[in-house]
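Thanks, everyone, for making time this morning.

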Amino acid sequence: MTAAATPLPMQRTLDELKAEAQARADRNGYPLVGIAPEDAREALGSLTSLDPDEWAEAWGKIGDRYMERAEGLVSRERAGADAAFLQAWRLYSFARWPVPNSSSKQRAYQKALAAFRKHGELQTPPLETLGIPFENSWIIAYRQLPAAAAKEKVPVVVAISGADSRKEDIAERFAAVLPHGAGYVAVESPGTGETPLKISPTADRMFSAVLDFVCRMPQTDPERVLLYGGSFGGYWAVKLAVTERERLRGVVVQSPPVHTVFDEGFIRTQTLTNREYLFDLGPALMFMCENARTVDDLAASFGELSLVRQGIVGRPTTRMLVIHGVRDTQVPMSDIELLLSSGDVPKEAWIHPAGGHMGRELKGWTDPVIFRGVTVPWLLRAAAEPRLRATGA
């Protein structure tokens with residue numbers, strides 16, 4: 001069979017997709033967190049096919065309504081305008097989900113950026129858009145610092161988004177560290193958003209440039225720089241916990257792919273048919289790679305990413321918290337066990353026996369609950385406690 005003849009399997013029919021998306025909206029589940037169930041019902045009700053442009057237009061027209069409302073309120077009702085800008089962003093962002101691989105999805109993505117930055121202009125403290133110089137290009141990031149940064153150096157979390165989330169999702173979430181006197185810089189995984197690189201075994205150099213920038217910021221306490229990565233962002237965070245361990249006080253990785261995920265057999269039999277992921281996981285991963293136009297291209301590209309084959313697993317790391325769900329069908333528990341049993345310093349783990357990807361479940365331990373109850377407290381504790389070092393034999 002030739003590469004071109006290897007088809008992408010269908011994850012869900014249109015009716016199945018509508019039912020599953022509505023169910024997630026009804027329970028405020030990923031990736032529809034924050035989208036009103038009635039807005040989801042309207043968008044899904046207008047779909048007649050799985051065409052990506054039709055998808056983008058169905059969600060985008062509802063986003064347009066919120067954007068128009070926000071612009072009408074901005075001069076007289078700041079809080080109402082901000083809420084409407086956020087809803088516009090959520091709908092535009094889901095219109096381009098998981099990746100902007102059609103003309104209408106690309107337009108929706110540009111609208112999502114505009115809506116989120118309008119939201120950012122209304123924030124206190126300010127949400128800044130950064131252009132970090134990198135190899136004759138720029139890494140676009142968001143920065144938000146606490147009020148304390150005007151008087152003293154503060155801890156800063158560098159937070160990396162995943163394959164389908166974006167720095168906007170990360171920024172909205174990590175604003176939670178500001179009241180605790182910490183700041184954050186939100187960036188995207190290679191091959192996503194506004195990043196200058198596609199996925200490759202050396203794309204982590206992009207994050208080294210981000211750390212250079214963060215450590216030079218006058219507001220940063222260079223002894224208290226921390227890192228977070230979720231899902232594919234967790235892959236890069238695992239690698240950086242080794243290669244940048246001297247600059248990182250602590251690292252949180254949430255359901256990071258490490259080794260098995262990149263095996264050809266796993267890609268063909270598990271990744272491309274995965275139903276825990278809402279839809280189009282294969283196309284999303286192909287979009288992130290430089291020349292992955294077929295299943296076979298994807299398998300070849302991913303084979304190079306294994307952190308075992310790269311010699312990363314087993315090397316000394318900084319302090320680390322690993323978050324995962326035993327029932328995760330996207331990242332197998334074997335990858336997490338491999339990570340936990342390697343390296344030189346004790347790792348901490350939050351493993352949910354009933355959790356799926358990112359440790360989440362339908363009710364109870366949802367994404368926001370895990371973030372507020374597990375991720376943020378650990379990062380703040382790591383910033384406050386002495387650096388963890390290997391003690392030797």
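Let me begin with a definition: two strands are said to pair if DSSP finds at least two bridges between them. Please also keep in mind that what you see is a predicted model.

With that in hand, look at strand 4, residues 183-187, which is joined to strand 2, residues 137-144, by 3 bridges, the two strands running antiparallel. Within that pairing, Gln144 stands opposite Tyr184 of strand 4. Strand 4 also pairs with strand 3, residues 154-160, but here the sense is parallel and there are 5 bridges, and Val158 has Val185 in strand 4 as its bridge partner. Is strand 4, then, mostly covered or mostly open? Mostly covered, since 5 of its 5 residues are buried, where buried means under 20% relative accessible area. The cover is found on both faces, with Gly183, Val185 and Val187 buried on one side and Tyr184 and Ala186 buried on the other.

Let us turn to the helices, with one general point first. An α-helix has 3.6 residues a turn, so residues three or four places apart point the same way. In helix 11, residues 295-303, the buried residues are Val295, Leu298, Ala299 and Phe302. Seen down the axis of helix 11, these buried residues fall within an arc of 100 degrees, and therefore they line one face of the helix. What they pack against is helix 8, helix 9 and helix 10.

Next come the spaces in the model. The second largest pocket holds about 330 Å³ of space and is lined by 21 residues, with Met10, Arg12, Leu50, Phe279 and Asp280 lying nearest its centre. Helix 1, helix 3 and helix 10 are the elements that give two or more residues to this lining, and the lining residues divide into 12 nonpolar, 5 polar and 4 charged. There is also 1 cavity of 30 Å³ or more. The largest cavity holds about 50 Å³ of space, and among the residues lining it are Val238, Ile312, Arg315, Met320 and Lys347.

Finally, a few words on the backbone. Most residues other than glycine have a negative phi, and most peptide bonds are trans. With that in mind, notice that the peptide bond from Tyr30 to Pro31 is cis, with omega near 5 degrees, and that Pro31 sits in the loop between helix 1 and helix 2. Another cis peptide bond joins Trp97 and Pro98, with omega about -5 degrees, and Pro98 belongs to the loop between helix 4 and helix 5.

As for phi, Asn136 has a positive value near 65 degrees; this residue is in the loop between strand 1 and strand 2 and is exposed, with a relative accessible area of 87%. Met358 has a positive phi as well, near 70 degrees, and lies in the loop between strand 8 and helix 13, but Met358 counts as buried, at 8% relative accessibility.

Conventions
Residues numbered from 1 in each chain as written. Predicted model: local features only at pLDDT ≥ 70, side-chain atom pairs only at ≥ 80, totals over all residues. Heavy atoms only, no water. Buried < 20%, exposed > 50% of the residue type's maximum accessible area, 1.4 Å probe, protein only. Helix = DSSP H or I, 4+ residues; strand = E, 2+ residues; numbered from the N terminus. Arc of directions from axis to C-beta. Contact = heavy atoms within 4.5 Å. 1 Å grid on protein atoms, 1.4 Å probe; cavity = no way out; pocket = protein on both sides within 12 Å on 5 of 7 lines; lining within 4 Å. Points joined across faces, edges and corners; volume = space filled by probe spheres on them. Nonpolar A, V, L, I, M, F, W, Y, C, P; charged D, E, K, R; others polar.
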